Amino acid sequence: MPRAGLFAPDARDNVKIQKTCALLLTLALTPISIAKAADRQPNVIVLFADDLGYGELSCQGNPEIQTPHIDSIAKNGVRFTAGYVAGPNCSPSRAGLLTGRTPTRFGYEFNPTGALNKEPGFGLPAEEITIAEALHDAGYTTGLIGKWHQGGTAKSHPFRHGFDEFFGFTHEGYYFVPPPYDGVTTLLRRKTLPGGVQGEQAEKRWIGKKNLHYHTWRTNEPDYDANNPIVRGGQPVVETEYLTDALTREAVDFIARHDDKPFFLFLAYNAVHSPLQGADAYMKKFAHIEDLHRRIFAAMLANMDDSVGGVMEQLRKSGLGEDTIVFFLSDNGGPTKELTCSNLPLRGSKGQMYEGAIRVPFMVQWKGEIPAGRVYDKPVSSFDIFATAKANSTGATAPKQLEGVDLIPYLTGKNDGAPHETLFWRQGGKTALRHGDWKLVRMGKRTTTGNAMWELYDLSNDISEEDNLAAAHPDRLAELVNIWEKLNGEMSEPLS
């Protein structure tokens, strides 16, 4: 159950009043603060893919699906080969990015889906300060476009977490077009195919004469759209455009309307998350891919890449190319069986604690401030987005417990250390710790007889986590377990 007082009506208001008073006092005592803010308030854009595998971008080594627009961010900036997120699935990962903190510290451990999104026990706690709140209070206009997945109750609305504008949906997913799915090829999961075929066997498919097809799965395709409308602000709207294109439209419009002032844009795609729906034009582009499942995935990824291109083009039109920090990353690794997506060369997939679940495609550009075309191999985290934005935006404040670091000194060479020595993850009986180049993993649910066995990997020469060294290095294993236990003792119990 949620902690007592978690959603007290005045919890966030008290924080906001305190922060506002502190900021007003600072401005009163330092008259030049306004001028400094105008001089040093770069726009911040976070392009957040959903369920994108580590190995799927062409800049990450995929020769099959070209992603030139996403690749351009790496070309004009820095690509991280050890970029991590806060959780192995959608909602905890988002909570970590927004707050700059390990979500398990404030009880945000699990991934609500379906009707659970409407339950009061789930949702980003009111007292947690988000990057949107920090930048808003520094004078930024803040916008969220796309997927929220931080609670579907009124108290969890993006407006109550620092966003001025919101266009999107609050649950874990959404159909890219509504029924009858015109203009797309659709492949849905289904427990029983027409004709009676059952079971979780992706190779067993029912290919219809129309554009609606099925493949066998342990469950049916989730009812993503149930009680989960597309909303503008707080009001439902009818959206008929392919959703990735609609999000692009809204993002381009947001930039064009606010290019005369500093802004923070969180463009949270639902691509390439299921349901699998590829628009006709992109399906034709990949007609040479024989496997229908893979062809739809390729169409969805290429569509999102063009969306990124549209956003970057609007930045150029607005003359903001050198005044904007742009991050691109995924919320977690790809669910390979579900989408065909690849996390290679990493082991595992979404929902696990191996690298394929928590190490993601991750890059940043800030023209004129960080080098172009660099590859950075030391561990970084989605926590660092909040810290980087705060450190480089005059007037922005952040909670003292922020766990991220400003990445700019590391990327410019002013700091040659590692941004993070230790990173921690926990989701029920599944947990992991990275300390230096060593990785501690425990997979499996808690049982009456205890937990699954610890695994130990040396990521410096085993990025694929193939060689479990727990038995060969008992001292190292004990060292990391001790670190894990200390950090675990700092974490909260789950909200629900």
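**Entry 1**

I began with Arg 232 and Glu 250, whose side chains meet in a salt bridge of 2.8 Å, N to O. I count a salt bridge when a side-chain nitrogen of Lys or Arg is within 4 Å of a carboxyl oxygen of Asp or Glu. Arg 232 lies in strand S9 (residues 231-232) and Glu 250 in helix H6, so the pair ties together parts that are 18 residues apart in sequence. Helices (H or I, at least four residues) and strands (E, at least two) are DSSP runs numbered from the N terminus.

I noted that this is a predicted model, where local features need pLDDT of at least 70 and side-chain atom pairs count only at pLDDT 80 or more, while totals for chains, interfaces and linings use all residues. Residues are numbered from 1 along each chain as its sequence is written, and side-chain values use heavy atoms, with hydrogens and water left out.

Next I looked up accessibility: Arg 232 is partly exposed at 43%, while Glu 250 is buried at 9%. Buried means under 20% relative accessible area, exposed over 50%, and partly exposed in between (1.4 Å probe, protein chains only). The pair belongs to a network of salt bridges that links Arg 232, Glu 239, Glu 241, Arg 249 and Glu 250.

**Entry 1. Other salt bridges**

How many salt bridges does the structure hold? I found 29. One of them joins Arg 257 and Glu 165, with the closest N and O atoms 2.7 Å apart. This pair links distant parts of the chain, as Arg 257 is in helix H6 (residues 243-258) and Glu 165 in strand S5 (residues 165-169), 92 residues apart. Arg 257 is partly exposed at 39%, and Glu 165 is partly exposed at 23%.

I then looked up Arg 94 and Asp 50, which form a salt bridge with the closest N and O atoms 3.9 Å apart. Are Arg 94 and Asp 50 buried or exposed? Both are buried.

I went on along H4. Ten of the ten residues of H4 are buried, so the helix is largely enclosed by the rest of the structure. Among them are Cys 90, Pro 92, Leu 97 and Thr 99. Gly 100 follows H4 and has a positive phi, near 70°.

I also checked Asp 51, in the loop between S1 and H3. Asp 51 has a positive phi of about 65° although it is not a glycine, and its relative accessible area is 0%, which is buried.

**Entry 2. The loop between S4 and S5**

His 149 is in the loop between S4 and S5. Its phi is positive, about 55°, although His 149 is not a glycine. At 0% relative accessibility, His 149 counts as buried. Ala 154 is in the loop between strand S4 (141-147) and S5, but Ala 154 is exposed at 55%. I found 9.3 Å between the C-alpha atoms of Ala 154 and Gly 234, which are 80 residues apart along the chain.

**Entry 3. Cis peptide bonds**

I noted a cis peptide bond from Ala 271 to Val 272, with omega near 10°. Val 272 is in the loop between strand S11 (263-268) and strand S12 (276-279). The bond from Ser 274 to Pro 275 is cis as well, with omega near 10°, and Pro 275 is in the loop between S11 and S12.

**Entry 4. Nonpolar cores**

Which residues touch the most other members of the largest nonpolar core? Of its 62 residues, I found Ile 45, Leu 47, Leu 265, Leu 267 and Phe 328. Helix H8 (residues 292-317) gives the most to this core, with 13 residues. Apart from it lies another core of 42 residues, including Ala 138 and Ile 408. A nonpolar core is a set of buried Ala, Val, Leu, Ile, Met, Phe, Trp, Tyr and Cys residues joined through side-chain atoms within 4.5 Å.

**Entry 5. Leu 433**

Last, I looked up Leu 433 in strand S18 (residues 430-435). Leu 433 is buried, with a relative accessible area of 0%. Its C-alpha atom is separated by 6.5 Å from that of Trp 484, 51 residues apart along the chain.
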